[in-house]
Amino acid sequence: PRRVYRFGGGHTDGDRSLKALLGGKGANLAEMSRLGLPVPPGFTVTTEACAAFYDAGREWPGGLDEEVEAGVAHLEAATGRRFGDARRPLLVSVRSGAAVSMPGMMDTVLDLGLNDRTVEALARAYGDERSAWDAYRRFLDMFGDVVMGVPHAGFETALQGLKDERGVTDDTDLDVVALRDLVDRYKAVYRRHTGHMPPEDPREQLRFAIDAVFGSWRSDRAITYRRINHIRGLVGTAVNVQAMVFGNHGEGSGTGVLFSRHPSTGAPGLFGEYLANAQGEDVVAGIRTPQPLSALRDAMPEVYVDLEAAVTRLERHYGDMQDIEFTVEEGTLYLLQTRNGKRTGAAAVKIATDLVREGVVTKDRAVRDLVEPGHVDQLLHPRFATDGDHGATPIAKGLPASPGAAVGKAVFSAEAAEAAKAAGDAVILVRVETSPEDVGGMHAAEGILTSRGGMTSHAAVVARGWGKPCVAGCDGIVVNEERRHVTTGTVTVREGDWLSLDGTTGEVLLGRAELVPPGLSDDVTEVLAWADEFRRLGVRANADQPADAEQARAFGAEGIGLCRTEHMFFEDGRIEAVREMILAETEHDRRAALDALLPLQRGDFRALFEAMDGLPVTVRLLDPPLHEFLPHDDAGVEALADRLGVSVGTVRRRVAALREQNPMLGHRGCRLGVTHPEITETQARALFEAAVEAAEAGADVRPEVMVPLVGTVAEFRHQRAVVDEVAAAVFAERGRTVPYLVGTMIEVPRAALLADAIAEEAAFFSFGTNDLTQMTFGYSRDDAGTGFLPQYLDAKILPDDPFQTIDQEGVGLLVRNAAALGRNANPALHLGVCGEHGGDPESVAFFHEAGLDYVSCSPFRVPVARLAAAQAAL
Ligand code: ADP
Ligand code: MG
Ligand code: MG
């Protein structure tokens, strides 16, 4: 297979469809070249070449040498320059780029091809010897650091030493004599570390650089980034080798980065930064403070017009907001990169609705491509109570780098953030600035605060990508990472002190601000309404309280898929009655206790039915083991004995009798209802009486009674008979009937295996994927998070936490089989899911594929599930 694809200079081999092979950067450079936009020519070494490199034990696969040589020939022909030529030397950049953008994962090497000879030619081209030698010493630093692993600090020390000797403070004060001297010193640093001099031969430089890009694919930081972002299935990174253009040829030149729309708010209009007379990474490196793009418009209006036109063209072509890198060389514009820009949730929905209104994309594309489930999730996160009365004091203000509110304890290193998170603490990571090494800790933090860096700094870009609040470039604070404190001059915050961040305003507050829940904006409401047009999967909510039900409804839930009735038992004043019921020695006593609970439950059900007027409400019969309701300490036991008028010994005996070695595999679910049918009877009576009352009051009531933990068809038949009998009795007593269904959870593997038999009796299945996962793997869901599971994930024994994202292979197979068996036996069978997985986008896509009717998730995940369901269908 071909391993090198050319672009520019009239020979472009690739295009944007080849992203997997050429990486995002390479594919888009090819696409821009095809569009006739000004892109310096180059070639892309494919991701498959990188994979072949690893397959061959970190050796270049056969033939790659020749192909790269042909790529160089293309570059030489396209530019009229030659590698190592003393008059017209070819200089290139070497840039990594995988199919998924991984910001900052592999640094770019600029000006490759410089050596003692070509630097002189560069000096002539620049008409400025100083700039040429400055470029050369920077190349040695970059090449040494990025390609050969020479610590950058070594070069820094050499530079500082020279500046001290010369008595200058700024790099720019070094004259050409000093810079020549610096080049020698850099070579010495290089040799000290590597044992040899930097290669003079550009081909050798190139070979080393390509090697290094390949090698970076498996660097720790790249692996961490992929793990955190669930990036899987990529074979490697591509390498882009591209002719240099020079943004540092005086004031008529410069370099910049921009978004075609505002990445935080989505507001239309270019948003970016520009630095005159500068090259490459100067903008992001924070060496000099960049200016807003208007600086370019003022200095070179014609160039700005060209840029705007190119940006508009790219946005329309890609149908998405673009993140663009460009350079101006002596008044000529060059585009160096374009990609779909990372954005906040608020920006995503604004851009999606604007692009549809502007006719750039259709609704289905907007739903499928322009808004991610994570974006919607972000918009559902809390913000500070607005009236300013949220209990924290503003102490500083920085750039509003990534919106949203965050509250946590201050920590000063990525490791501390990860450790605190593991211990269950919420933290704010405070750094001077962040680097790719910090991504693990950044991910663990609720929010990120930096004292240095702009809107495109590492912290800002990464935080926006995750939708994590970030305040960057807060220059009113001094961060001391060593001593672990930050000070504003008047206030000092130490590790462990509470901090609050408002990433929307840039405010930093001391203390623990009060957060309020968010609402849905018009933009997100519109996007979700479009999503509803495309999705096939229904979305219900798991809700036990009327307030949750109302919230769920406001978020678009189409019913309740799981009402856990045990929560009703824990409420104030009820637990005593529940305990009486449990401790009763005779059925008579138990019935008396249950009778006391009945009106309370009836009231709860009625409120739920009314909140969900016109929509189904799925009520699960009592599920947890009874001992969960009993006191376990002496004081509790004594108090209970006192109230019930029995001896402490009696209570102890009953508590002990109910204790089990494996309660999750014990006397719970329908096993309770089978051994104590009066519990099921009471619940059913409360439910049907409430249903009849609500119907009498005018509500459209659709109860669905769900039997938990069924493993055999006989269990289901037993419980169903109890429910049907109570329903008939209540309807006869009240002279009114309501339609209802009786179905079962499928959460015991045996039930999934024998689903056809159960489906003959049941009106619906609801896959309880939490227990089904627990019992299929045999992992305790209450312990797995802290036990072996983290190591399993690290060692890739499992791709994901199966309690978060459904295990499609195993648990998913049971779901699929049970669904097929069930439908076959009973074509009218409804199929739903009510585990945590119902709100996980990847799992939702699976449930769509598996042909289920609906998912049910917590109210705050409902909007996320609506979007995920639409994306699965598109
Ligand atoms: P990253 O993935 O970190 O953005 P890039 O490969 O895009 O790395 O390179 C970073 C920067 O280096 C670019 O934005 C651009 O300013 C500069 N650069 C890369 N290639 C060239 C080139 N051929 N000519 C001039 N500058 C370049
Ligand atoms: Mg970089
Ligand atoms: Mg880039």
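**View 1. Asp 771 and its polar partner Arg 668.** In this predicted model, the side chain of Asp 771 makes a polar contact with the side chain of Arg 668 at 2.9 Å. A polar contact here is a pair of N or O atoms within 3.5 Å; within protein, one must be able to donate a hydrogen and the other to accept it, and residues adjacent in sequence count only if both atoms are side-chain atoms. Asp 771 sits in helix α31 (residues 769-777), where helices (H or I, at least four residues) and strands (E, at least two) are DSSP runs numbered from the N terminus. With a relative accessible area of 4%, Asp 771 is buried; buried means under 20% relative accessible area, exposed over 50%, and partly exposed in between (1.4 Å probe, protein chains only). Leaving aside neighbours within four places in sequence, Asp 771 is in contact (heavy atoms within 4.5 Å) with Met 664, Arg 668, Leu 709, Glu 747 and Arg 781.

**View 2. The annotated binding site at Glu 747 and Asp 771.** An unreviewed UniProt entry places the feature "binding site" at these two residues, Glu 747 and Asp 771. They span 25 residues in sequence, yet no two of their C-alpha atoms are more than 5.4 Å apart, so they gather at one spot. UniProt positions follow the numbering used here, feature names are shortened, and annotations may be inferred rather than shown by experiment. Glu 747 lies in the loop between β28 (741-746) and α29 (749-753) and is buried, at 2% relative accessible area. Its side chain reaches the backbone nitrogen of Leu 709 at 2.6 Å. Beyond neighbours within four places in sequence, the contacts of Glu 747 include Pro 708, Gly 768 and Met 775.

View 3. Side chains of opposite charge can pair when their charged atoms come close. Both residues, Arg 138 and Asp 134, belong to helix α5 (residues 129-148) and are 4 residues apart, about one turn of the helix. Arg 138 is partly exposed at 28% relative accessibility, while Asp 134 is buried at 12%.

View 4. Glu 358 and Arg 261 form a salt bridge through their side chains (2.8 Å, N to O). This pair links distant parts of the chain, 97 residues apart: Glu 358 is in the loop between α13 (345-357) and α14 (363-370), and Arg 261 is in strand β6 (residues 254-261). Arg 590 and Glu 678 also form a salt bridge, with their closest N and O atoms 2.7 Å apart. That pair connects helix α23 (residues 587-611) to helix α27 (residues 677-696), and both Arg 590 and Glu 678 are buried.

**View 5. Helix α34 and what covers it.** Ser 843, Val 844, Phe 846, Phe 847 and His 848 are buried in helix α34 (residues 841-849). Among the elements covering these buried residues are α31, β30 (830-833) and α35 (862-873). Just after α34, Gly 851 takes a positive phi of about 80 degrees.

**Notes for all views.** Residues are numbered from 1 along each chain as its sequence is written, and chains are lettered from A and ligands numbered from 1 in the order in which they are written. Local features need pLDDT of at least 70, side-chain atom pairs count only at pLDDT 80 or more, and totals for chains, interfaces and linings use all residues, while side-chain values use heavy atoms, with hydrogens and water left out.

Notes. A salt bridge is a side-chain nitrogen of Lys or Arg within 4 Å of a carboxyl oxygen of Asp or Glu.
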